[in-house]
Amino acid sequence: MRSPERLTPDFSRSSVSSKTRRESPIRDRDYLLDKDGMIFKVIGDSHPESHYLGYVKYYPDARGDRSLFGRSYRQNSVVSKSFGILADRPECYVYSEMLGCVITGVPRSHVAHHYSARETLRELLVEPRDRENLAVGRDLLAIVRHLDQRQQLDLFGVTGSFLVGCANKRSDIDLVCYGKEGYRAAREIFGSSNLIQPYAGENQTLLYLRRAKYMEGSGFDTLLKQEQRKFQGLTTGSGAHINCEPLREDDVGPLHGLQAKEIGEITLLATVTDHSEGVSTPALYEINVERVLSATVDDPQTFANRVRYLRSYLGAYTGAFRSGDVVHVSGKLVHLLEGGKSSFGVELTPWSASRSYIADLTANVPVPQRIP
């Protein structure tokens with residue numbers, strides 16, 4: 001894939017960005033502009049000394065439908081496509097001990113500007129700018145004012161096109177909330193405010209069509225059950241899709257220091273035994289394996305009773321499962337090491353160019369006999 005043309009002005013000399021980075025820590029789901037005009041979405045809160053881990057979310061392209069810095073930009077929603085977009089930028093390929101595989105990221109020395117999800121939401125209260133020109137933008141501003149009145153604004157951030165200033169009339173509203181207090185506040189605004197309506201009635205089909213391509217093999221009822229556990233709905237003003245992804249607290253979370261190493265691929269049925277760490281990104285579920293359906297490793301039964309975790313660093317599976325659910329999982333079999341403690345898990349990594357890894361809630365059918 002041909003690399004995008006270098007942009008002007010020279011983003012590597014941005015003085016504003018340096019001030020922003022000092023004042024606002026780089027958090028999960030913030031965006032970073034690099035010296036070549038690529039905008040990366042930050043993934044996770046644990047990064048190597050050399051890079052910030054993430055994938056290309058917006059990049060210069062004459063075929064793009066977004067406008068930034070006086071140029072056309074294209075949106076990327078498939079994480080693994082970052083490898084192709086960055087084909088002429090091998091310095092953006094980095095091995096992640098956290099995920100146990102090669103992923104993409106922006107070298108720290110290449111960061112020209114930090115878009116803080118939390119700070120941007122605060123700024124919209126004072127300076128709405130051109131957001132008021134869009135119906136969906138007015139919906140976002142109404143939510144910002146509602147959160148401010150309830151003194152909950154600091155618990156939220158905004159990502160996506162509204163974070164970098166390239167929203168159009170087809171844009172969604174992508175929010176994040178931080179920690180337990182943010183989770184409670186999100187539950188309130190998505191459950192009881194007059195600003196957001198749930199997906200119900202005929203609108204459930206809209207939700208199914210939106211998510212089905214990412215949840216292949218899942219039936220209508222089970223997919224909706226899985227999706228309706230998340231914070232998402234339609235704005236009452238323009239009817240735009242809105243979602244909110246719960247993130248962990250600002251301090252170090254329970255996954256800090258956890259290292260993974262790929263062993264192979266595995267497909268299995270598992271029962272979720274503890275979802276308490278699965279309600280925030282990165283989601284970590286405790287599981288019991290009921291049956292291994294396929295695997296690339298020899299004698300997979302030797303791993304079956306030792307696979308204890310299901311993990312995902314992307315929001316598709318955050319809050320999707322509950323204790324007692326039986327889940328069909330296809331992912332990377334990984335060895336996990338934390339503080340000298342060893343275990344195995346299934347990683348739903350999106351950094352795979354060969355196939356998609358998925359986890360779907362199964363229908364209420366008898367659970368097959370567990371492997372002895």
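A residue is called buried when its relative accessible area is under 20%, exposed when over 50%, and partly exposed in between (1.4 Å probe, protein chains only). Helices (H or I, at least four residues) and strands (E, at least two) are DSSP runs, numbered from the N terminus.

The structure is a predicted model, in which local features need pLDDT of at least 70 and side-chain atom pairs count only at pLDDT 80 or more, while totals for chains, interfaces and linings use all residues. Residues are numbered from 1 along each chain as its sequence is written, and side-chain values use heavy atoms, with hydrogens and water left out.

**Overall**

The protein has 372 residues, and 55% of them are buried. Its secondary structure consists of nine helices and 19 strands. A contact means heavy atoms within 4.5 Å. Among contacts between residues at least 6 apart in sequence, 67% join residues at least 24 apart.

**Helix H3 and its neighbours**

Helix H3 covers residues 117–126, and its buried residues are Ala117, Arg118, Thr120, Leu121 and Leu124. These buried residues pack against strands E8 (111–115), E9 (156–159) and E10 (173–178), and against helices H4 (135–149) and H5 (161–164). In an α-helix there are 3.6 residues a turn, so residues three or four places apart point the same way.

The loop between H4 and E9 holds Gln152. Leaving aside residues up to four places away in sequence, Gln152 touches Leu147, Ala185 and Glu188.

**Helices H7 and H8**

The axes of H7 (residues 203–212) and H8 (residues 220–227) come within 10 Å and cross at roughly 90°. Axes are lines fitted to C-alpha atoms, for helices over the stretch in contact, and angles run from 0 to 180 degrees between N-to-C directions. The two helices, H7 and H8, are therefore roughly perpendicular to each other, a term for angles of 65 to 115 degrees. On the H7 side, the residues in contact are Gln204, Thr205, Leu207, Tyr208, Arg211 and Ala212; they meet Phe220, Leu223, Leu224 and Glu227 in H8.

| Residue | Relative accessibility | Class |
|---|---|---|
| Gln152 | 12% | buried |
| Tyr93 | 31% | partly exposed |
| Asp298 | 72% | exposed |

Tyr93 belongs to strand E6 (residues 93–96). Asp298 sits in the loop between strand E15 (283–295) and helix H9 (301–304). The C-alpha atoms of Asp298 and Gly264 are 9.7 Å apart, although the two residues are separated by 34 residues along the chain.

Technical notes:
Parallel < 35°, antiparallel > 145°, perpendicular 65-115°, else oblique.
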